[in-house]
Amino acid sequence: MTLAPFGARLRQALDTRGQLCVGIDPHASLLSAWGLGDDLAGLETFSRTVVEALADRVAVLKPQAAFFERFGSKGVAVLEKSVEEARAAGALVLMDAKRGDIGSTMAAYAEAFLSPAGPLFSDAVTVSPYLGFGSLRPALDLAREQGCGVFALALTSNPEGAEVQRAVGADGEPVAASVLRQLAAENAGAAPLGSFGAVVGATLADAGVDLAINGPLLAPGIGAQGATMADLPRVFGASVINVVPSVSRDVLRHGPSVPALREAAERFVGEFAEAVK
Ligand SMILES: O=C(O)c1cc(=O)[nH]c(=O)n1[C@@H]1O[C@H](COP(=O)(O)O)[C@@H](O)[C@H]1O
């Protein structure tokens, strides 16, 4: 059974559950703060606890694949279980894998995360367009076919991103603007929201590019990286309604208490609603 388009599913989740994505980022320091070992058992308990606390109430959960991959195949098995359980509890899962490769290899990455037959099947995946936006074609096509989403890095939250993303092409168009323009073309005609999103850091002083892509705008950088929900209207302007604010450490540090994790997530949902009022 093919899913409804990701953009429609996301819009509904944001409207009913509140506008928030929580990252599942099992940093070694967080495992230790939770009284867990930096090992497979710690990873398993951490992920299970986050899913139990948040998957039935938060719109989007975003596992960061690297934190699982560092434990090898057994860590990836924990990731598979987390994705499956989170989706079963009603959260949309955005796999933060940031993959990007030549088109033919990109097709395999797309299958890994967006083919319903795969054990890591997710609602959406983060990708890097810096081998050229066209190299993402297999992921864009498979996502469209399966009712999934793709989030391409446009203006990332880290200060180093600008040297590539703000660079101006031979035609005078900044690289990030070109990524956003091509995402907008993928989303043309979609309602209520397209399935092809951009990652735009909440930490930016000023986006300085057209963010009206008729698609979701994932905004990491809130909390541990210094941005707040109150910054979003300034950075995103009228497109703030399509922002999916993303918080990892500043929610996760409240664990392992399930009520405290829930309270932290709820607080961020409230702060977003307040900021865009
Ligand atoms: O794609 C992302 O999610 C992402 C893009 C970006 O520009 N900046 C960024 O921080 N992220 C991810 O968002 C999460 C941020 O975590 P916290 O800083 O702990 O909230 C990490 O998993 C990052 O890999």
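This is a guided tour of the structure above, stop by stop.

The model is predicted: local features need pLDDT of at least 70, side-chain atom pairs count only at pLDDT 80 or more, and totals for chains, interfaces and linings use all residues. Residues are numbered from 1 along each chain as its sequence is written.

**The annotated domain**

Select residues 19-264. An unreviewed UniProt entry gives this range the feature "domain: Orotidine 5'-phosphate decarboxylase"; UniProt positions are in the numbering used here, feature names are shortened, and annotations may be inferred rather than shown by experiment. Over this range the chain is 39% helix and 16% strand, with the end C-alpha atoms 14 Å apart. Helices (H or I, at least four residues) and strands (E, at least two) are DSSP runs, numbered from the N terminus.

**The barrel**

Show the strands next. Eight of them form a closed barrel in the order β1-β2-β3-β4-β5-β6-β7-β8, with parallel pairing; two strands pair if DSSP finds at least two bridges between them. Neighbouring strands of this sheet are turned by 30° against each other on average, direction ignored. Axes are lines fitted to C-alpha atoms, for helices over the stretch in contact, and angles run from 0 to 180 degrees between N-to-C directions.

Helix α5 (residues 72-88) packs on the sheet and touches β1 (21-24), β2 (60-63) and β3. The direction of α5 makes about 175° with that of β2. Helix α9 also packs on the sheet, touching β5 (149-155) and β6 (196-200), and its direction makes about 155° with that of β5. Contact here requires C-beta atoms, placed from the backbone, within 7 Å.

Select Cys21 to Ile24. Cys21 and Gly23 on one side of β1, and Val22 and Ile24 on the other, are all buried, so both faces are covered. A residue counts as buried if 20 or more other C-beta atoms lie within 10 Å of its own, exposed if 12 or fewer, and partly exposed in between, with C-beta atoms placed from the backbone.

β1 pairs with β2 in the parallel sense over four bridges, and Cys21 stands opposite Val60 in β2. β1 also pairs with β8, in the parallel sense over two bridges; here Val22 stands opposite Val247. Move on to β7 (residues 217-219), which pairs with β8 in the parallel sense over three bridges. Leu218 has Val244 of β8 as its bridge partner.

**Lys98**

Select Lys98, in strand β3 (residues 92-99). The unreviewed UniProt entry places the feature "active site" at this residue. Lys98 is partly exposed because 17 other C-beta atoms lie within 10 Å. Not counting residues up to four places away in sequence, Lys98 touches Thr126, Val127, Ser128 and Leu153.

**Ala177**

Select Ala177, in helix α9 (residues 175-186). With 20 other C-beta atoms within 10 Å, Ala177 is buried. Its contacts, not counting residues up to four places away in sequence, are Val209 and Asp210.

**The ligand**

Finish at the ligand. It is surrounded by 19 residues, the closest being Thr156, Ser157, Pro220, Ser248 and Arg249; a residue is near a molecule if its C-beta atom, placed from the backbone, lies within 6 Å of it. β8 (243-247) and α11 (249-252) each supply at least two residues of this shell. The shell divides into four nonpolar, eleven polar and four charged residues. Ala, Val, Leu, Ile, Met, Phe, Trp, Tyr, Cys and Pro count as nonpolar, Asp, Glu, Lys and Arg as charged, and the others, Gly among them, as polar.

Key:
Two residues are in contact if their C-beta atoms, placed from the backbone, lie within 7 Å.
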